[in-house]
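Hi,

Here is the structure I promised to pass on. My notes on what turned up in it follow below.

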Amino acid sequence: MYTQVIKPAFCDTDALGHINNTKLPIWFEQARNDLFHIFTPDLDPQKWQLILAKIEVEYTGELFYGRDVTIKTYAGHIGNSSFQVCQEAWQDGKMGSKGIATMVHYSFADKKSQPLTAHHRQELEQLQQA
């Protein structure tokens, strides 16, 4: 599992003093960067091999300004050419949000999905929760 600590900015809040719901998809994307190294070790966009097919975000609690938020990232279901990235946002020991992103191993040259390699599958399996 990867973890990343986010320090919410004042501008991340809404009128009710909560972290705005639009911030979680952005934070989740930012926290997926570690996983991107599996497919493109140097993160060179010219060598990119992934596309985002779908994201879901569920708001399970409140998150606030002034306290760190920890994003936990791990692999979910692994298919032939796609896989799920599961993420959770935690603050003060409570989960405030969770999400699932479906990523596809993709050839931009061929404009189509491509099977995950044995290396990719092995790396993703190591990120699955037991």
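A search of the whole structure finds five salt bridges, where a salt bridge is a side-chain nitrogen of Lys or Arg within 4 Å of a carboxyl oxygen of Asp or Glu. Before the details, please note that this is a predicted model, in which local features need pLDDT of at least 70 and side-chain atom pairs count only at pLDDT 80 or more, while totals for chains, interfaces and linings use all residues. Residues are numbered from 1 along each chain as its sequence is written, and side-chain values use heavy atoms, with hydrogens and water left out.

One of the salt bridges joins Lys-23 to Asp-12, with 3.2 Å between the closest N and O atoms. Because Lys-23 sits in helix H1 and Asp-12 in the loop between S1 and H1, the pair ties together parts that are eleven residues apart in sequence. (Helices, H or I with at least four residues, and strands, E with at least two, are DSSP runs numbered from the N terminus.) Asp-12 is buried, at a relative accessible area of 7%; buried means under 20% relative accessible area, exposed over 50%, and partly exposed in between, using a 1.4 Å probe and protein chains only.

Another salt bridge links Arg-67 and Asp-92, at 2.4 Å from N to O. Arg-67 belongs to the loop between S2 and S3 and Asp-92 to the loop between S4 and S5, so this pair ties together parts that are 25 residues apart in sequence. Arg-67 is partly exposed at 35% relative accessibility, whereas Asp-92 is exposed at 53%.

Asp-42 and Lys-47 also form a salt bridge, their closest N and O atoms lying 2.6 Å apart. Asp-42 is partly exposed at 45%, and Lys-47 is partly exposed at 46%.

Now to helix H1 itself. Which residues of H1 (residues 23-31) are buried? They are Leu-24, Trp-27, Phe-28 and Ala-31. These cover an arc of only 100° around the axis, which puts them on the same side of H1; the arc is taken from the directions from the helix axis to the C-beta atoms. The buried residues of H1 pack against helix H2 (33-36) and against strands S1 (2-6), S2 (50-59), S3 (69-78), S4 (82-91) and S5 (94-107), with contact meaning heavy atoms within 4.5 Å.

Finally, a look at Gly-93, which lies in the loop between S4 and S5. Gly-93 counts as exposed, at 65% relative accessibility. From Gly-93 to Ile-51 the C-alpha to C-alpha distance is 32 Å, and the two are 42 residues apart in sequence.

Best wishes
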